Protein chains: 2
Amino acid sequence: MTTEFQNYLLHSIALTNEQLDWITSLCTTKILRKNQYLLQEGDVWKHYAFVSNGCLRTYSTGCKGTEHVIGLHIENSWAGDYESLITAKPSHYNIDCIEPSEVVLCTKQNFERICKEIPAFYELAKSNLNRSLVASQNRIMASLSYTAEQQYAYFAACYPQLVNRVPQNMIASYLGIAKETLSRMRTKSVVKAVPMIPALQFSHTPQQVL
Amino acid sequence: MTTEFQNYLLHSIALTNEQLDWITSLCTTKILRKNQYLLQEGDVWKHYAFVSNGCLRTYSTGCKGTEHVIGLHIENSWAGDYESLITAKPSHYNIDCIEPSEVVLCTKQNFERICKEIPAFYELAKSNLNRSLVASQNRIMASLSYTAEQQYAYFAACYPQLVNRVPQNMIASYLGIAKETLSRMRTKSVVKAVPMIPALQFSHTPQQVL
DNA sequence: CGATTCTTTGAAAACAGTCAATCTGTGTGG
DNA sequence: CCACACAGATTGACTGTTTTCAAAGAATCG
């Protein structure tokens, strides 16, 4: 029987059974209940984490205690604080579960070992990193170009799976708008088309954070 | 005599003279006048470009023809459209010179050849990519957390070199605010301190786009 | 010096944020 | 099984910031 993680790998790259088993043996699975932290501010993040099930959010606490959602991660994507991982410094972020979730953890060390051993795996990791960067830039582009309403429409177009799964206040926070504003926009809901911006026209791919 | 690019390399990684010469031989230098395009929307970006002198901007044209500045690049940083580079698709962005500039170009192919041959160079490239990603995320964090005024203060703290070098309308565009708003903020100029947000407290490093 | 680009300024209007109250649904424990 | 508590969503009135448009003032470049 193959796990979600193994399915993800098999769908992404070509692997022998031995390789698949070997990778799996270097990873651990962790079950998290709703609201449980995967990473807490101040801790050093030392893993690569694949979300095999559920939904998590990465957020940071700003001045006056407001929470700002930096990332949302559902099954088949990656979560973690990349900055903390590569600098080995304490994280400024929190990651917790919006739903009961299951994540596959791989230590940085093991992850790099796998990369070295299996070029295809390495290419996958690199491609995920690239996609993260592109996704970040698209998000910046959207925030520069769009009004609150257009941003939400763009978000909904990019991540239809999240719209009815993630609480609205978190989506609002992710978009940098007030939850009341989002609520009002939704009730109006004249289903406006998002004005298409060249830079964003091919970007309807789910965000990956590695 | 060493060029700016060679100085950059020597300050970043350890190289023999032969290696340095070899790398240099695989790159070309291009002089650009003010307002000249380095990349124009619709073209495929195929290089890695190191800015050895001057200042460039990456921008995109949104609906209604508004220009949105996605990146600013001064000497000793990198410019280019990474998305177009890795996907080999036409770029949605324009890059042009704010000042007369000099860039060192290296084709993707040659760049990868150097990476393969010289591990330290590869590590440098990887580290630049990582820093780009972190910088993007910090920019997102800032746009979520800060008011227009705080954003400008944060920008000025991060990039003091740019404040009096890049036209204000472009800085405004970079920050996603109207140029008039920026102008008003500057004249008020009660030099407010930026409220520090945990996530951004160590991020005062110049943006690198590789 | 003339032309273009960039910046400043003013006033009105649009937009989004805040605060506070109410409403809804879900899950828990008595 | 009901009542209650709690998290999330909605609504209204108000405030404040930011945008827009238009015009005038600097600065820069050829």
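How do the residues of the surface near DNA strand D divide into nonpolar, polar and charged? They divide into four nonpolar, six polar and six charged. The views below come from a predicted model, in which local features need pLDDT of at least 70, side-chain atom pairs count only at pLDDT 80 or more, and totals for chains, interfaces and linings use all residues. Residues are numbered from 1 along each chain as its sequence is written, while chains are lettered from A and ligands numbered from 1 in the order in which they are written.

View 1. Helix 9 of chain A gives the most, with six residues. Helices (H or I, at least four residues) and strands (E, at least two) are DSSP runs, numbered from the N terminus. Ala, Val, Leu, Ile, Met, Phe, Trp, Tyr, Cys and Pro count as nonpolar, Asp, Glu, Lys and Arg as charged, and the others, Gly among them, as polar.

**View 2. Helix 1 of chain A.** This helix spans residues 4–12, and its buried residues are A:Phe5, A:Tyr8 and A:Leu9. Seen down the helix axis, they fall within an arc of 95°, so they line one face. The arc is that of the directions from the axis to the C-beta atoms. The buried residues pack against helix 2, strand 3 and strand 8 of chain A. The face turned away carries the exposed residues A:Asn7, A:Leu10 and A:His11. Buried means that 20 or more other C-beta atoms lie within 10 Å of a residue's own, exposed that 12 or fewer do; C-beta atoms are placed from the backbone.

**View 3. Where chain B touches chain A.** Here 30 residues of chain B are in contact with 30 residues of chain A. Contact means C-beta atoms, placed from the backbone, within 7 Å. Helix 5 of chain B supplies the largest share of its side, 13 residues. By class, that side has 15 nonpolar, 12 polar and three charged residues.

**View 4. The axis between the copies.**

Definitions and conventions: Two residues are in contact if their C-beta atoms, placed from the backbone, lie within 7 Å.
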